[in-house]
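Biologist: Show me the model, please. Then we can go through it point by point.

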There are 2 protein chains.
Amino acid sequence: MEGYKLFLAFLASALLLGVLSVAFVLVWVLNYREGLGWNGDLPEFNWHPLLIITGFVFIQGIAIIVYRLPWTWKCSKFLMKLIHAGLHTVALTLAIISLVAVFDFHNFKKIPNMYSLHSWIGLTAVILYALQLVLGYMVYLLPFAPTSLRTAVMPIHTYSGLLIFGAGIATALMGITEKLFFALTEKTVPYSQSPKEAIFVNVLGVLIVAYGAVILWIATRPHWKRPLEHVFVTHQRIGEGFGEDDCHSPDLEFNSDAAARKRNPKSDETGQRSTM
Amino acid sequence: MEGYKLFLAFLASALLLGVLSVAFVLVWVLNYREGLGWNGDLPEFNWHPLLIITGFVFIQGIAIIVYRLPWTWKCSKFLMKLIHAGLHTVALTLAIISLVAVFDFHNFKKIPNMYSLHSWIGLTAVILYALQLVLGYMVYLLPFAPTSLRTAVMPIHTYSGLLIFGAGIATALMGITEKLFFALTEKTVPYSQSPKEAIFVNVLGVLIVAYGAVILWIATRPHWKRPLEHVFVTHQRIGEGFGEDDCHSPDLEFNSDAAARKRNPKSDETGQRSTM
C-alpha cells in the first residue's frame with residue numbers, strides 16, 4: 001500500500017477521535033445530565049445523543065472505510081461486503097432506537113415532534129440511510145443484479161454514502177446547539193456564560209467534525225482503495241459464499257490475480273468502484 | 001462532454017437552489033426580522049446570515065465548480081484560475097464583513113463572543129478558508145511554485161476546499177437553529193409551535209443542504225472535469241498573462257493540444273488535478 005504509515009496514522013486518528021466522541025457524549029449524559037433510563041423523561045431522551053453519535057457517526061464512519069484496511073485485502077470481497085453492510089445495519093438500528101427515544105420523550109412531555117430544522121434534516125438523513133442500505137443489499141450483496149446495474153449505481157452509492165455521513169454530522173451539530181440552549185439557561189448558568197458543560201460539549205462537537213474530516217480523507221484517497229486485482233478474483237467467489245479460506249495469504253491472492261487478469265484484463269467489477 | 005445534458009440539469013438546479021437560498025434569507029431578514037442597517041443592533045446582525053449565505057455558501061459553491069463549465073474549456077487555465085480565485089476572494093470578503101457585523105452586534109448588546117459551537121466551527125472554517133485562499137494564490141496563481149509542489153498540494157487543496165464548503169453549510173444550519181430559538185419564543189409564537197417564520201426558515205435550511213449536495217455532486221464527477229488536453233496547453237501560457245485570445249475556438253485548442261501532447265505526452269500539470 002502506498003503511504004502505509006500515513007494511512008495508519010489517519011486510521012489511528014479516526015479511531016481516537018471516534019472513541020473520544022462516544023466517551024464525551026457518555027460523560028455528558030451521565031455526568032452533566034440526567035443519566036440514562038427508559039421512563040419517557042430526560043433519561044430516555046439522553047439515549048438520543050448517545051446512540052446517534054455511537055451509531056450514526058462513529059460506526060457509520062468505520063463502515064465507510066472498512067474496505068480501506070489493507071490487512072483485509074486478502075479476504076474475499078464478499079466477506080468484506082458482509083462486514084460493510086453489517087456495520088451499517090448496526091448503525092441504522094442504533095439510529096432508529098435513538099429516534100424512538102426522542103419521539104417517546106416528546107410525546108411523554110407533550111412537546112411537538114418534527115418542528116426543528118434539526119429534526120427535518122436528521123429524519124431525512126436516517127430515511128435516506130435506510131434506503132441506501134436496502135438498495136445496497138439488493139444491488140451488491142444479493143447475487144441478482146446484473147454487472148451493468150452494479151456499475152451504474154456505484155458512483156451514486158458512494159456519493160450518497162458520504163453525503164448522508166456528512167448530513168449526519170451536521171445534524172448532530174444542530175442537535176448539540178439545540179440541547180445546550182435548552183439546558184443551559186438563566187436558571188443555572190446560561191450557555192453564553194460558557195459554563196464547564198458548554199465548553200465540554202463544544203469540544204464534543206469539534207471532535208465529531210474532526211472525526212468526519214479524517215474519515216472523508218481516508219475514504220477519498222484513490223491510492224488507499226482496495227486494489228482492483230483482489231476485486232476481480234473475489235468477484236468470482238461471490239456466488240460461493242464464504243468459509244475457512246475467505247482470507248488468503250496475500251502472495252497467493254496476487255498470483256492468482258495476475259493470472260486472472262491475464263485471462264480477462266477488463267474485469268467487469270472495475271466500474272463498480274468508487275469514483276470519489 | 002460526457003453527459004452534457006445531465007450536467008446542464010445539475011448546473012441549473014445548483015443555480016436555482018443557490019439563488020433561492022439567497023432570496024429566502026433576504027425575505028427572512030427584511031420581512032420576518034428587523035431589516036438591514038449598520039447601527040449595532042439587530043438590523044446590523046441581519047447582515048450576518050445574508051452575507052454568509054450569499055458569500056460563504058452560494059458564491060463559494062459557484063467558485064468550486066467554475067472549472068467544470070464546458071464553455072470555459074476553450075479559455076486559458078490562467079484566466080479560469082483568476083475567476084476561481086476571484087470568486088473565492090469575493091466570498092471571503094463577504095464572510096469577513098458578516099463576521100464584523102455579528103461581533104459588532106454582540107459588543108453593542110454586551111453579549112459574549114465565541115461561546116457557541118456555531119461560532120467555534122464557523123470562525124475556524126473562515127480562518128481555514130482564508131489560509132486556503134492565500135496558499136492557493138501562492139502555489140497555483142503566482143508563477144514561483146515548482147510543479148512538484150503544485151502536484152503534491154493539489155489533493156489537499158481540493159479536499160480542504162470541499163471540506164470547508166461542507167463545514168460552512170453545517171455552520172449555517174447551526175446558525176439558523178440558534179437564531180430561530182432566540183427569535184421565536186413564548187413572547188410571540190415559539191419555534192415548537194411552527195409559526196410561518198419557522199417553516200419558512202427551515203425550508204431555507206433544506207435549500208442550503210440541497211445546494212451543497214448538488215455542488216458536491218458536480219465537483220466530484222470525474223467525467224465533468226476540465227479535460228487534461230486544455231490544461232497542458234494553457235499551462236504553457238501561464239507566464240504570458242492573458243489578453244484578447246484567452247478564449248480560443250475549441251477546434252484550434254484541441255489541435256494544438258494534440259500536437260503538444262505528441263511532443264511531451266507526460267504533461268507535468270497532470271498531477272495537479274483533483275483526485276476527489
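What follows covers the interface and then one residue.

Modeller: This is a predicted model, where local features need pLDDT of at least 70, side-chain atom pairs count only at pLDDT 80 or more, and totals for chains, interfaces and linings use all residues. Residues are numbered from 1 along each chain as its sequence is written, chains are lettered from A and ligands numbered from 1 in the order in which they are written, and side-chain values use heavy atoms, with hydrogens and water left out.

Biologist: How much area do chain B and chain A bury between them?

Modeller: Buried area is the accessible area (1.4 Å probe) that two parts lose on being put together, summed over both. Of this area, 77% lies on carbon and sulfur atoms. Tyr115(B), Leu117(B) and Trp120(B) supply 19% of what chain B buries against chain A, more than any other three residues. The total for the two chains is about 3,200 Å².

Biologist: How many salt bridges does the rule find across the interface of chain B and chain A?

Modeller: The rule wants a side-chain nitrogen of Lys or Arg within 4 Å of a carboxyl oxygen of Asp or Glu. Across the interface of chain B and chain A, the count is zero.

Biologist: Is Asp104(B) buried, partly exposed or exposed?

Modeller: Asp104(B) sits in helix H4 (residues 77-109) of chain B; helices are DSSP runs (H or I, at least four residues), numbered from the N terminus. Buried means under 20% relative accessible area, exposed over 50%, partly exposed in between (1.4 Å probe, protein chains only). At 32%, Asp104(B) is therefore partly exposed.

Note on methods
Helix = DSSP H or I, 4+ residues; strand = E, 2+ residues; numbered from the N terminus.
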